[in-house]
Amino acid sequence: MRIRTLTLAAASGAALLAAGVLPASASGTTTPTSAQEGSVGAADLLAKVTSCSQISSGKYKTDDETSATVPVCGKNGAVFWKADMDVDCDGQRTSHCNEDTDPWYQDDTAFHQSDGKPLKAESLPYVVVPSSSSIWNYSGAGIKGGGVVAVIYNNKVEYAVVGDTGPTKIIGEASYATAKALGIDPDPATGGADSGVTYILFKNSKASPIESHSAAVTLGDQLAKQFIQNN
C-alpha cells in the first residue's frame with residue numbers, strides 16, 4: 001500500500017478498430033460483476049509480457065518509501081508495467097469514495113465523463129498513469145485519457161480505461177472498481193495489492209464514452225486478440 005502524502009495526492013468494425021475507437025452499445029456506467037472479461041485469458045496475455053524492452057528513461061517507485069524498480073516496457077501496439085495496486089477513490093463522491101473513507105480524496109480526475117463530470121471511481125474501472133515527466137511521457141507513447149487497459153491479477157483479466165494521472169515518480173494505481181472486480185481489497189486507506197499486478201495499455205485506443213465500461217470491454221477484447229497476434 002502506498003503511503004501517499006497530501007502533497008503528492010494534490011499533484012495529480014475494422015475501421016473503428018484501426019482508429020482505436022469503439023462507440024458504446026449502451027450509455028452510462030455499469031459496475032463490473034466478473035473479472036474474467038472478454039475471451040482472452042490472463043495466461044495468454046501474460047505470456048506476451050515476460051520480457052521488457054524499456055521505453056521509459058528511468059524507473060518508478062511503487063510507493064513513496066520504496067526504491068525505483070519498475071520500468072515502462074514497450075511491445076507492438078501496447079506499453080506495460082508490472083507493479084502493485086494502490087486504490088484511487090478520486091472523482092465523484094460516492095458512499096465508498098469520499099473524504100471520510102479516503103484520507104487523500106480529491107473530487108476531480110484528470111479525465112472527465114462525456115458530460116464533463118469527473119469519473120466515478122467506485123463504479124468505473126480506471127487506471128492511473130504517472131504524470132508526464134523526464135522519466136516518461138505517456139501521451140508521447142500513444143496513451144490517452146479513455147485509452148483501454150487490460151489489468152491482470154491472480155489469473156483474472158479486468159478491462160479498464162486510463163482515467164487519472166498521479167505522481168511523477170510512482171506507478172501502480174487503479175480505481176476502487178478495478179480493485180474490487182479483481183478480488184483486491186478496494187479500501188482506499190488500507191486495501192490494494194502489494195505486487196503481482198500487470199497493466200497492459202493499448203496504444204492509440206479510446207473507449208467512447210469514457211464512462212462506459214461495456215465499451216472498454218468490447219474494444220479491449222478485440223485489442224487483446226490483436227496484441228497476442230502481433231507479439
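What is the handedness of the disulfide of Cys52 and Cys73, and what is the torsion about its S-S bond? The torsion is about -100°, so this disulfide is left-handed. The structure is a predicted model, in which local features need pLDDT of at least 70 and side-chain atom pairs count only at pLDDT 80 or more, while totals for chains, interfaces and linings use all residues. Residues are numbered from 1 along each chain as its sequence is written, and side-chain values use heavy atoms, with hydrogens and water left out.

Two disulfides were identified, a disulfide being a pair of cysteine sulfur atoms within 2.5 Å. In the link between Cys52 and Cys73, the S to S distance is 2.0 Å. Cys52 lies in the loop between helix H3 (42-46) and strand E2 (73-75), whereas Cys73 belongs to strand E2, so the pair ties together parts that are 21 residues apart in sequence. Helices (H or I, at least four residues) and strands (E, at least two) are DSSP runs, numbered from the N terminus. Cys52 is partly exposed at 39% relative accessibility, whereas Cys73, at 3%, is buried. Here buried means under 20% relative accessible area, exposed over 50%, and partly exposed in between (1.4 Å probe, protein chains only). The other disulfide joins Cys89 to Cys97, again with an S to S distance of 2.0 Å. This link is left-handed, with -60° about the S-S bond, and both Cys89 and Cys97 are buried. With the bonded cysteines of the protein numbered in sequence order, the pairing is 1-2, 3-4.

Asp107 and Arg93 both lie in the loop between strand E3 (78-88) and E4, so their pairing ties together parts that are 14 residues apart in sequence. Glu99 is partly exposed, with a relative accessible area of 42%, and Asp107 is partly exposed at 43%.

The salt bridge between Asp221 and Lys225 has its closest N and O atoms 3.6 Å apart. These residues are four positions apart in helix H5 (residues 213-230), which means that about one helical turn separates them. Asp221 is buried at 12% relative accessibility, whereas Lys225 is partly exposed at 39%.

Glu158, in strand E6 (residues 156-166), is buried yet has no salt bridge, and the nearest side chain of opposite charge, Lys156, is 9.3 Å away. For this assignment Lys and Arg count as positive and Asp and Glu as negative, with His and the chain ends not counted. The side chain of Glu158 does make a polar contact with that of His213, at 3.4 Å. A polar contact is a pair of N or O atoms within 3.5 Å; within protein, one must be able to donate a hydrogen and the other to accept it, and residues adjacent in sequence count only if both atoms are side-chain atoms.

Pro130 is placed in strand E4 (residues 126-130) and is buried at 1% relative accessibility. Its contacts (heavy atoms within 4.5 Å) include Tyr60, Trp81, Trp136 and Ile170, not counting residues up to four places away in sequence. Pro130 and Thr165 are 35 residues apart in sequence, and their C-alpha atoms are 5.4 Å apart in space.

Conventions. Salt bridge = Lys/Arg side-chain N within 4 Å of Asp/Glu carboxyl O.
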